[in-house]
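Let's take a friendly walk through one protein model.

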Amino acid sequence: MHLLNADLHCHSNVSDGTLTPEALAERAKRNGVELWALTDHDEVGGQHRARAAAHAQGIAYLTGSEISVTFAGKTVHIVGLGFDPDHPSLQQGLVDTRGGRERRARDMAEGLAKVGIPDAFEGALRYVGNPDLISRTHFARYLVELGICSESHEVFKRYLTEGKPGYVEHRWAKLSDAIHWITAAGGEAVIAHPGRYGFTPNEEYALFTEFKAHGGRGVEVVTGSHTVPEYAKYADMAIEFDLLASRGSDFHDPAESHTDLGTLPDLPGRLKPVWQALEHRIFRP
């Protein structure tokens, strides 16, 4: 089952992607995806559309969402897979998590105005499919439109990371809360792209330890932002912590994303895929 072309991490225009759930399903089919999950940020509003679109394309589907949490002073993302998207505690938790995004976005715009980039909030809103989910990605697209930077990654580096003028810290959900929402709704919690967070070895070990203690079950091993050495590193950590392994491109946009839907290498064969444990939660066409 580790050879299955599963892509369990991507975003639509319900959060900060640019394609509709239906267009993502078409792209997944075209790229040979056999099992797909839409994992919009802190949102499940696209789940029923994505499931229907996957069914129309003949692709097996798992529900998903990527939940923002604060751990050791940094934003960490936890992907939930295979849950009931209509579960009340999950829905309320995501509403609460989304609540601070507009205030944060206005503060980001104020910081950018101080360095000569006015009206960034209004500009970013033009790229937002769901105003409740305005994010740094939408600001990045606007600054690229203005010609201030040539690509989104440059915007993040110059303006939107810690210590830069457009960066504003946000206190997200607690790790324990996110895991509880996911598991209460019948799903499995997965640490998203752990190589991105820049933790020290001790901090990373603490993240995995606390995640497991609260009922987390999986980790993304093969993902669009991991290097080949990181595939091996997090495969080892999956085994050390007895975690299920996941695979996902983190696809957002055809022009922006380094990795297209369905184009990742296979999971290492020594790992147990998360989709094996979620077999009973997969919607099949």
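Helix α4 (residues 101-113) and helix α6 (residues 136-146) have axes that come within 11 Å and cross at roughly 35 degrees. Here, axes are lines fitted to C-alpha atoms over the stretch in contact, and angles run from 0 to 180 degrees between N-to-C directions. Helices (H or I, at least four residues) and strands (E, at least two) are DSSP runs, numbered from the N terminus. The crossing of α4 past α6 is right-handed, with the near helix turned clockwise from the far one by less than a right angle.

On α4, the contact (heavy atoms within 4.5 Å) is made by R104, A105, M108, A109 and L112, and on α6 by R136, F139 and L143.

This is a predicted model, where local features need pLDDT of at least 70, side-chain atom pairs count only at pLDDT 80 or more, and totals for chains, interfaces and linings use all residues. Residues are numbered from 1 along each chain as its sequence is written, and side-chain values use heavy atoms, leaving out hydrogens and water.

Now find H11, in the loop between β1 (6-7) and α1 (21-30). Is H11 buried or exposed? H11 is buried (under 20% relative accessible area, with a 1.4 Å probe and protein chains only), because its relative accessible area is 0%. Leaving aside residues up to four places away in sequence, H11 touches several residues, including L24, H41, E66 and H252.

| Partner of H11 | Distance |
|---|---|
| D250, side chain | 3.1 Å |

Key
Buried < 20%, exposed > 50% of the residue type's maximum accessible area, 1.4 Å probe, protein only. Polar contact = N/O pair within 3.5 Å; in protein donor to acceptor, adjacent residues only side chain to side chain.
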